[in-house]
Amino acid sequence: MELTGRTRITVSDLRGDPRRTRTEKLVRYALFAAAATSIVISAAIVLSLAGETWTFVSQVELASLWTDGWFPRRGMYDVKTIVAGSVLVSAVAMAVAVPLGLGAAIYLAEYASPRVRKVLKPTLEILAGIPSVVLGFFALSFISPQIVQRFFTDATAFSMAAAGIGVGILVVPLMATISEDALRSVPVALREASTGIGARKITTTVRVVIPAAVSGLVAAFIVAVSRAIGETMVVFIAAGATGGALFSLDVFGPGQTMTAAMASQAAGTDQVRGEALTFQSLFFVGMLLFLFTFALNLSADHFVRRVRQAY
Amino acid sequence: MGPGAAADRVRRSITGGERDIAGTAFMLTVLVALLTSVVILAVLVLDMVNRGGAVLTDRLGDFLTGSMSSQPDASGIVQGLRGTFWIGVFTVAIAFPLGIAAATYLEEYAPRGSRVARVIDVNIRNLAGVPSVVYGILGLTFFVKALGDVTGPDANGRSVVSAGLTLAILVLPIVIITSAEALRAVPRGIREAGFGVGATRWEVTRHHVLPYAAPGILTGTVLALARSLGEAAPLILVGATTGFMTGGDEFANLAALRERFTALPIIITTWAGRPGEGGRR
């Protein structure tokens, strides 16, 4: 190669190696295909739910949707039983998770020294990794006899209260980590300004930081509710009523949620059997559940976006 | 006088020596909330170790290698271990590459703020929030019913293959979200340096961005794997055997993959439902 003379660079030199360009293109398509699978999965979920749900809705007698209980194998599809079950269990769960999760988040974000935080935050996150079956077993074997039945002597061994507390424990880490993120995203300047005009730490926290982070906290709450409604195994194991349930608002008795109703229909049998529409009712409940959580997740997303825009 | 003591004197002169009772009470309340959460975790783990320890020390060998049996003292978990093992294999083989590729597209390739990228992003966030039973329905419809002849001809499609595919799909959004976060944490300078010396986007991604993000991606994938191994609800819908079964204790028997199966979370569920028999794990 001639080193002394000026080398002229032409456009074709800059165009690059055709082989590299081709690889680049192929990779781009492959990666896009991978990303697009998520859309396919969403479509598949809706599709798998929609068909049988439509069969159910179009064929079911309306009277059987409003009876005394949820006994799909006997043709009683009382929707209010399982919706009430889901609401009750979620309410108990949130009664446990909100004070614990929010309190833990406030301590970690506002009070904890960096060293304490470094130890406690991962510990709390381990709780999030506990399989829900283990928690369900814990709810049945420990929470129910040791806590629920001790304080409420008329509670049954399988109860929605025990299941709710179990679900609550399950969502505490979720609640805590999202709330903590929201609190920490409040700019330090707001805290300094508050302290600067003489506010105490508690005043700064309660009247400045929490109001500033409120949409993030609401998002945490919604995500936790959505998770609690969607939680299956804890309720399936600890709330009893595997075959079906009578309509009941008694949290200390057995009951069934939408999720557990689905699991118990499919459990133990080779085929989901029973009255003509039993199999289809499974999909109907699935659709209800999907729509509930979908709406909740969308609104949580909306609140999270608001925090991001604010700061 | 040290700086600590000085700060103390300043504080006392400002507050007039008064103690902030409400503030202290508030701090204690939130501290108690945090500690309660952590203590619950400790109780849970201790409870499990306590009860499970007895079984493990008494008869560790045949508990792990025994088949399920109607007698609680003799039944083992080998079929469950096998089912769970293969579910893990499916997750690693399907969800990991697909998830990491999707995350790479979203973070490295998709034009910033493009419509496609935003739609996919919102979609993935929603998928992550869909209850796991609903994924069970997906598995039931497609892998068990529609593809039953492929996934398990002798078991009505209720095989480890169906279960593994379902759980791989279930954890895919988690893999994508955590991997995308790891990729976002890679400093821009690394990419710019790569482009500066004339590397193509894929070369930069392959040789610089992905290796840099590898530890973060690994953490996310391990969490996703843990999630898939612990998940029971979709398996119930896909049709894991909750009763007794014989055979199925050979780990590497590939033909058996298309036959009926069970998994550890299912065994726990079944045993927990039988009064007086639980107390394991």
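**Chain B, overall**

I began with the secondary structure of chain B in this predicted model, and I counted 11 helices and 0 strands. Helices here are DSSP runs of H or I with at least four residues, strands are runs of E with at least two, and both are numbered from the N terminus. Along the sequence, I read the pattern of chain B as α-α-α-α-α-α-α-α-α-α-α.

As this is a predicted model, local features need pLDDT of at least 70 and side-chain atom pairs count only at pLDDT 80 or more, whereas totals for chains, interfaces and linings use all residues. Residues are numbered from 1 along each chain as its sequence is written, while chains are lettered from A and ligands numbered from 1 in the order in which they are written.

I then looked up burial: 40% of the 281 residues in chain B are buried. A residue is buried if 20 or more other C-beta atoms lie within 10 Å of its own, exposed if 12 or fewer, and partly exposed in between, with C-beta atoms placed from the backbone. For contacts in chain B between residues at least 6 apart in sequence, I noted that 72% join residues at least 24 apart. Two residues are in contact if their C-beta atoms, placed from the backbone, lie within 7 Å.

**Helices α8 and α9 of chain B**

I examined helix α8 (residues 188-196) and helix α9 (residues 201-230) of chain B, whose axes come within 10 Å and cross at roughly 155 degrees. Axes are lines fitted to C-alpha atoms, for helices over the stretch in contact, and angles run from 0 to 180 degrees between N-to-C directions. I therefore recorded α8(B) as roughly antiparallel to α9(B), a term for angles over 145 degrees. From α8(B), the contact uses B:I190, B:R191, B:G194 and B:F195; from α9(B), B:E203, B:V204, B:H208, B:V209 and B:Y212. By class, I found 5 nonpolar, 2 polar and 2 charged residues in this contact. Ala, Val, Leu, Ile, Met, Phe, Trp, Tyr, Cys and Pro count as nonpolar, Asp, Glu, Lys and Arg as charged, and the others, Gly among them, as polar.

**B:I14**

I located B:I14 in helix α1 (residues 3-15) of chain B. B:I14 is exposed, because 9 other C-beta atoms lie within 10 Å. I also noted that B:I14 and B:S162, 148 residues apart in sequence, are 69 Å apart in space, C-alpha to C-alpha.

**Chain A**

Of the contacts in chain A between residues at least 6 apart in sequence, 78% join residues at least 24 apart.

The domain assignment, automatic or from a database, gives domain 1 (11-59) and domain 2 (63-310) of chain A. I found 7 residues of domain 1 in contact with 8 residues of domain 2. On the domain 1 side, these are 3 nonpolar, 3 polar and 1 charged.

I placed A:F152 in the loop between α5 (132-151) and α6 (160-184) of chain A. A:F152 is partly exposed, because 13 other C-beta atoms lie within 10 Å.

**Contact of chains A and B**

Finally, I looked at the contact of the two chains, which takes 69 residues from chain A and 63 residues from chain B. Helix α2 (residues 18-59) of chain A gives the largest share of the chain A side, 19 residues. That side divides into 44 nonpolar, 18 polar and 7 charged residues.

Notes:
Parallel < 35°, antiparallel > 145°, perpendicular 65-115°, else oblique.
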